[in-house]
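Biologist: Before I ask about the helices, please put the model on the screen.

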Amino acid sequence: MRNSRLLPYETIVQATSGEPEAVNLVLQHYRGYIRYAARISGQADRDAEDYITETLLKALFKFRLDK
């Protein structure tokens, strides 16, 4: 049985290789988590949201699946 809340493996592989559509799918998948984590004192903080998104993108392109 497949967990529908997880991103497909193929999408992750494509995103780590820089495929723009796959990267966008990853960002969309985590958008809610990012917005929740970027709340400061109950208020949305756009700078924090941008920082978290930037950190996710950096980690995505460093992620290695071949090890």
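Modeller: Contact here means heavy atoms within 4.5 Å. Bear in mind that the model is predicted.

Biologist: Which residues does Glu49 touch, not counting residues up to four places away in sequence?

Modeller: Glu49 sits in helix α3, which covers residues 46–62. Leaving out residues up to four places away in sequence, the residues that Glu49 touches are Ile34, Arg35 and Ala38.

Biologist: Is Glu49 buried or exposed?

Modeller: Buried means under 20% relative accessible area. Glu49 has 12% relative accessibility, so it counts as buried.

Biologist: At what angle do helix α1 and helix α2 pack?

Modeller: Two packed helices are described by the angle between their axes and the distance between the axes. For α1 (residues 9–16) and α2 (residues 20–37), the axes are 7 Å apart and the angle is about 115°.

Biologist: How many residues of the contact of α1 with α2 are charged?

Modeller: Helix α1 brings Thr11, Gln14 and Ala15 to the contact, and α2 brings Ala22, Val23, Leu25 and Val26. These divide into 5 nonpolar and 2 polar, and the number charged is none.

Biologist: Where does α2 bend?

Modeller: The 18 residues of α2 should span 26 Å at 1.5 Å a residue, and the end C-alpha atoms are 24 Å apart, which agrees. There is still a bend of about 50° in α2, and its place is Tyr30.

Biologist: Which helices do the buried residues of α2 pack against?

Modeller: The buried residues of α2 are Ala22, Val23, Val26, Leu27 and Ile34. The helices they pack against are α1 and α3.

Methods: Residues are numbered from 1 along each chain as its sequence is written. This is a predicted model: local features need pLDDT of at least 70, side-chain atom pairs count only at pLDDT 80 or more; totals for chains, interfaces and linings use all residues. Side-chain values use heavy atoms; hydrogens and water are left out. Helices (H or I, at least four residues) and strands (E, at least two) are DSSP runs, numbered from the N terminus. Buried means under 20% relative accessible area, exposed over 50%, partly exposed in between (1.4 Å probe, protein chains only). Axes are lines fitted to C-alpha atoms, for helices over the stretch in contact, and angles run from 0 to 180 degrees between N-to-C directions. Ala, Val, Leu, Ile, Met, Phe, Trp, Tyr, Cys and Pro count as nonpolar, Asp, Glu, Lys and Arg as charged, and the others, Gly among them, as polar. The expected span of a helix is 1.5 Å times one less than its number of residues. The bend at a residue is the angle between axes fitted to the seven residues ending there and the seven starting there.
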